[in-house]
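Here's a quick briefing to read alongside the model. Keep the structure open and follow along topic by topic.

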Amino acid sequence: MTTDSNVTATTEQIQWKRLSPVASVYYLFKTVKAFIGQALPSLAPLVIVLLNSDDKALIATLAAVGFATLLVVSSLLQYWFFQYQLGDNEIKINQGVFKKQHRVINFDRIQNININQPIYFRPFKLVILVIETAGSKGGEGDLAGIGQPMAEDIRDQILQRQSQIKASQIEAGNDAASTAASTDTESTDEPIATASTGDLIRYGLSNNGMYILLAFMAPFFPKIEEIINYFFSKAELAAMTEALGGNLIGSIIIVVIMIASVFLLMMLISVLGSILKFHNYRLTLTDETLKRKSGLINTQEESLNLSKIQAIARQSNFIGHWLGRENLILRQAGGGGNKQQRRNNLFVVPARIAEQSEQLIETLYPDHPEQIETHPINRRYIFKTLLITLILPVLLISAPFVIQQHFWVMSFYLLPVLCYPLVAKRWRNYRYGKTDEYGLIRSGFIGHKQVLFPLFKVQRAVISQSPVQKRRNLATLTIYLASGKMRIPYMPIEHARQWFDQIYAKIETDSRPWF
Amino acid sequence: MTTFTNTQITVDDIPAVSSVEFTDLHPKYCKVNLTDTIVWVTIPLIPLSLILIKGINIPLIWVILLFVLLVPLAFVLSYYRAKARRYAFREHDILFQQGLFWQKTTAVAFNRIQHIDLTHGPLERKYQFSSLKFFTAGGSSVDLKIPGLPEDDAQRIRALILDKINQNPNQDMPDQGSLQGKEAAPHDD
């Protein structure tokens with residue numbers, strides 16, 4: 001193995017290349033991150049030694065200097081031992097200081113190829129080329145610290161190679177059907193979607209990621225009193241309660257204000273996150289490849305081959321609904337069940353108005369029908385949902401109380417009645433429809449979600465029937481795509497069978513690759 | 001390679017799942033499956049009854065009654081559950097049906113198969129049965145499993161399907177390493 005990046009090896013071998021020395025900064029961050037994530041808890045004994053020693057300042061300085069040196073040396077070594085080689089069909093990577101790793105990534109195995117630019121690479125015009133394969137956990141195939149033009153070159157080369165392979169596959173197979181998908185796509189550098197800061201604020205508000213955060217914080221809600229006490233003294237609190245109307249009402253108002261401010265804070269975080277990630281959003285389509293470029297501090301460039309889109313979802317929560325915006329999510333094949341990974345496999349086009357979404361879908365699926373006739377699901381869905389999610393749990397939980405004659409618990413029996421309108425709304429919004437080529441599933445109750453997918457992308461379908469459904473000639477159809485599963489509950493059994501038969505006829509006769 | 005045809009089909013011509021003739025699992029397998037029930041119903045019942053008797057002071061007679069009622073019921077159910085499992089092979093896919101009360105029908109198209117596992121648990125091995133597991137890219141676990149196939153049949157079916165997959169020129173798809181199934185479980189579900 002040659003060690004200098006400028007030395008050209010014999011004519012047969014292509015030279016091994018090194019990253020830019022600035023890459024060691026990337027490794028420094030990476031090591032620090034890994035360190036915080038993994039090694040920090042095991043440092044507790046050291047801290048105890050530190051606290052028990054006489055010369056706290058001296059030992060602390062020594063420890064700090066020691067760590068810093070260790071980190072710097074380790075990132076320099078990581079940089080030094082990282083070499084890559086670009087072939088016609090694959091990229092080879094050698095890395096590892098003690099544990100050597102030799103990796104060969106075949107171009108046709110690459111699932112995603114993105115270009116990211118952290119802020120510390122910006123002055124040097126360097127980028128990270130992120131190469132993801134279906135099985136990779138992340139980071140293994142990153143070329144951190146190569147020139148931007150070069151990264152773009154490599155990416156284009158890989159994408160070109162991939163489309164060559166694809167073209168030969170298509171040639172061997174069904175060309176009548178495939179031309180429909182590939183002809184009409186424009187190839188300009190004009191963005192097909194952009195987003196202003198205003199749009200991004202709207203995206204931040206209408207993005208459901210926020211509620212995931214909320215669920216995360218749910219365990220803290222019972223402790224809300226402690227949290228309040230932490231921030232305010234008893235006297236202050238008493239004064240506030242007094243000012244707000246005293247006693248119970250005052251306390252309730254304080255709690256409501258607290259919850260509202262947590263909510264607002266999260267909205268703010270969500271909006272900031274959205275701007276951080278999607279600032280200067282530009283979506284372009286070249287040949288068959290979508291490219292998304294955005295980012296406030298770290299610029300990210302993400303590309304996606306059109307043939308890898310498994311489904312397109314238009315979705316919005318109630319805030320988005322109210323703002324008249326929805327988000328377009330291009331779903332890709334997700335490796336495994338890992339939630340985090342799933343989320344990374346989503347390609348988001350933020351804050352579209354309905355016409356923009358339609359236009360974009362038109363560009364991505366040129367052959368998709370403008371109108372798909374949809375059907376409602378059966379009304380019994382309401383009863384079943386109420387029964388399983390509310391009536392049974394409420395009855396079970398309340399039973400011991402009622403037996404002990406605490407009849408006030410029975411007021412909870414009103415819960416299903418109160419929730420009825422919501423469930424009924426969900427039922428009304430649940431619709432499904434298909435044409436020869438596409439399937440469409442709509443759902444949602446305070447927001448909306450509409451998933452459009454080409455039938456040939458389906459991996460598997462399941463018809464299931466409970467005893468009740470069987471009596472009523474109903475069934476639930478579950479459709480598995482490489483990007484996840486979707487359900488159509490309580491549809492007539494004939495429809496379920498029609499979908500099932502048509503899906504399998506489609507995937508068995510259509511030879512376009514799903515991947 | 002045969003020439004590719006793609007004649008248009010009307011809805012009536014689409015092969016219908018409702019007209020497929022399914023094959024039952026091997027009758028002997030339904031009995032082997034009962035041995036499974038001993039492991040999964042009877043054995044867990046023993047510590048449970050101990051808890052009931054010692055912990056909550058429930059009279060022995062009730063616990064015995066529980067056994068007398070539950071165990072035969074479990075046997076009957078599991079026998080008929082095994083009986084209700086049926087499979088069918090078509091030209092381009094495998095179909096599988098299961099469920100006594102909650103019924104399920106699914107299929108895996110040959111050109112969506114990522115890989116096939118042939119497994120046998122200790123009991124299956126004793127009676128020379130195998131299970132075939134089919135994996136697609138649409139999910140992280142087994143997509144379709146045919147249990148209780150006589151060893152030879154399982155081998156033959158697998159070879160046949162692999163052959164069919166290899167005939168198809170478009171099967172040049174990346175093997176998704178992350179979708180590998182877990183190690184063969186030593187028992188049926």
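This is a predicted model: local features need pLDDT of at least 70, side-chain atom pairs count only at pLDDT 80 or more; totals for chains, interfaces and linings use all residues.

Chain A averages a pLDDT of 81, and 84% of its residues score at least 70.

**Confidence in chain A**

**A serine in helix 10**

- A:Ser274 sits in helix 10 of chain A, which runs over residues 247–278.
- Is A:Ser274 buried or exposed? Its relative accessibility is 4%, under the 20% cut-off, so A:Ser274 counts as buried.
- Leaving aside residues up to four places away in sequence, A:Ser274 touches A:Leu200, A:Tyr203, A:Gly204 and A:His279.

**Positive phi without glycine**

- A:Ala351 isn't a glycine, yet it has a positive phi of about 50 degrees.
- You'll find A:Ala351 in strand 14 of chain A (residues 346–352), and with a relative accessible area of 1% it is buried.
- B:Gln128 is another non-glycine with a positive phi, this one at about 60 degrees.
- B:Gln128 lies in a loop of chain B, between helix 3 (122–126) and strand 6 (129–135).
- At 56% relative accessibility, over the 50% cut-off, B:Gln128 counts as exposed.

**Cysteines**

- How many disulfides does a search of the whole structure find? Zero, over all chains.
- A:Cys419 is partly exposed, with a relative accessible area of 22%.
- B:Cys30, at 2% relative accessibility, counts as buried.

**A sheet in chain B**

- Chain B has an open sheet of three strands in the order 5-6-7, with antiparallel pairing.
- Which strands form the edges? They are strand 5 (115–119) and strand 7 (144–150) of chain B, each pairing on one side only.
- From one strand to the next, the twist averages 20 degrees.
- Strands 6 and 7 of chain B pair in the antiparallel sense over five bridges.
- To find your way into that pairing, look for B:Leu132, whose bridge partner in strand 7 of chain B is B:Ile146.

Notes:
Residues are numbered from 1 along each chain as its sequence is written. Chains are lettered from A and ligands numbered from 1 in the order in which they are written. Side-chain values use heavy atoms; hydrogens and water are left out. pLDDT is the predictor's confidence in each residue, from 0 to 100. Helices (H or I, at least four residues) and strands (E, at least two) are DSSP runs, numbered from the N terminus. Buried means under 20% relative accessible area, exposed over 50%, partly exposed in between (1.4 Å probe, protein chains only). Contact means heavy atoms within 4.5 Å. A disulfide is a pair of cysteine sulfur atoms within 2.5 Å. Two strands pair if DSSP finds at least two bridges between them. Axes are lines fitted to C-alpha atoms, for helices over the stretch in contact, and angles run from 0 to 180 degrees between N-to-C directions.
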